[in-house]
Amino acid sequence: MSQINHKTAEALGSYAREDVQFLLKNLNGQVEEEGLEVREKAIQSGVHYSEMLPIEYKPTKAYLNLYKRALDHNKGKVAHAVSVVAEQILKRNGNDLVLVSLARAGTPIGILVKRYLKLFHKLDVPHYSVSIIRGRGIDENAIHYIRRSHPEEKVQFIDGWTGKGAITQELYQSCKKLNEQGLSINPSLAVLADPGHCSPLYGTREDFLIPNACLNSTVSGLVSRTVLNKNYINENDFHGAKYYTELSGDDRSNEYIDVITKELEKVEGISEFLDHHESVPSWQGLKEVRSIQAKQGIEQINHIKPGVGETTRVLLRRVPWKVLVKDQEDPALGHILQLAKENNVPIEEYRQMSYACCGLIKKV
C-alpha cells in the first residue's frame, strides 16, 4: 500500500477550504507551460498529455462574454441538474459519505453538491478533489489518504459531464485495482450532464454548455490541469497541479458557485425527474463516436471530442480540424459557431448523433 508523507494535504486553489480540499502537489515554479502547437505535436508524437501543461492565458473579453452568457442562460439548468444528481447521490449512499470530485471539471460540481446537501439536508459532508488521468488512472495516494481519513464512509466520485466515457472506464479500472488492495471503493461516477449515456447517476442527459467549461482555471479555483510527470512527482506524492495566483484578478470561481447556490433555492420538479430516471447506461455516445471515427477516417479516437463542453474546449485550447453539429440552427450552439468562424474551422452538419456537436482535433 502506498504511504503518503503528507500528514495533511497542503492548501491549494482559491476555493474556501470548507468547500473543497485539493489532494494535489503544488508545482508552482517547477513546470513550464507549453504553447498550443508545441503541445499538440508532442501529444501526437507520443508524449502523454499529463506530462505537460498548456499555457493558461488571462481570459479575453470575448471568452468572458461567452462565460457570462452561458451563466445567465444556463444557471437555472445547472442548479436543477445539481439538485437531481445530489438527491441520487444521497439515495445511493446514505448520510455517511465522502464526495470525491475529479479535478478539475468535477471540482465546482462537487462543491455545488456539497452545498445542496448542507442547504436542504443539513449534511456537512467532506469533499476532496483528486486527479485522474486517461491512460494512467486515478491518484492512488490520494484515495489511500481519503480512506485512512474516512475508513467507514462511502466514497462518491463526481465529474462535470461525460463525453465518450473514457474517464468513466478509467475510474472503473482504477477502483478494481484499489479494491484488490482491500479498499472497498464504489466506482460509480455521478455527473452533472451525461450526454454520452455512460453514467448511472446524472442530473440531465441534455448536451448543453456548462459555464465552467469556458474559462479553464479562472472558474476552477485557479488550479491547472493535473500533472503526472516523474520529473516532479515521486511515488509518495499526490499528482501535481499549478495554482495560478497571478490570475486572481480574473478569478470567477467563487462567483460561479455563489450564483448557482442562489439558484438552488428556486429549483422545482426534481421528484418528477427522479421518478423517470433511467439508471442503466447504454453507452450510446461511445457507439456514435466509433461511427464518426469510421465515417470521418480518424485514426485516434481521442481526437474526437463529443458534446458542447468538449467541443468548446477543442476550439479554445486544441488545434481543431472541424466541428460536427447536429443542427446548425440550434440557438444553443451560437458560441460554437462563433468560435469556429473566428478560428476558420469548418462546420459540418451531422444529424446522426445524440450530442449537439462534436469537436474533431487536427492531426499535426
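The model is predicted. Helix H6 (residues 253-264) packs with helix H2 (residues 61-93), and the axis of H6 also comes within 10 Å of that of helix H3 (residues 106-121).

**Helix H1**
- Helix H1 spans residues 36-44, and Arg39, Glu40, Ala42 and Ile43 are buried in it.
- These residues lie on the same side of H1, because the arc they cover around the axis is only 165°.
- Strand E13 (357-361) is included in what covers the buried residues of H1.

**H2 and H6**
- The axes of H2 and H6 are 8 Å apart, at an angle of about 50°.
- The two helices are therefore oblique to each other, and their crossing is right-handed.
- H2 makes the contact with Tyr67, Leu71, Lys75, Gly76, Val78, Ala79, Val82 and Ser83, and H6 with Glu255, Tyr256, Val259, Ile260, Glu263 and Leu264.
- This contact of H2 with H6 comprises nine nonpolar, two polar and three charged residues.

**H3 and H6**
- H3 and H6 cross at roughly 40°, which makes H3 oblique to H6.
- The crossing of H3 and H6 is right-handed.
- Pro108, Ile111, Leu112, Arg115, Tyr116, Leu119 and Phe120 of H3 meet Tyr256, Ile257, Asp258, Ile260, Thr261 and Leu264 of H6 in the contact.
- By class, ten nonpolar residues, one polar and two charged make up the contact of H3 with H6.

**H6 residues in both contacts**
- Tyr256, Ile260 and Leu264 of H6 take part in the contact with H2 and in the contact with H3.

Key:
Residues are numbered from 1 along each chain as its sequence is written. This is a predicted model: local features need pLDDT of at least 70, side-chain atom pairs count only at pLDDT 80 or more; totals for chains, interfaces and linings use all residues. Side-chain values use heavy atoms; hydrogens and water are left out. Buried means under 20% relative accessible area, exposed over 50%, partly exposed in between (1.4 Å probe, protein chains only). Helices (H or I, at least four residues) and strands (E, at least two) are DSSP runs, numbered from the N terminus. The arc is that of the directions from the helix axis to the C-beta atoms. Contact means heavy atoms within 4.5 Å. Axes are lines fitted to C-alpha atoms, for helices over the stretch in contact, and angles run from 0 to 180 degrees between N-to-C directions. Angles under 35 degrees count as roughly parallel, over 145 as roughly antiparallel, 65 to 115 as roughly perpendicular and the rest as oblique. A crossing is left-handed if the near helix is turned anticlockwise from the far one by less than a right angle, and right-handed if clockwise. Ala, Val, Leu, Ile, Met, Phe, Trp, Tyr, Cys and Pro count as nonpolar, Asp, Glu, Lys and Arg as charged, and the others, Gly among them, as polar.
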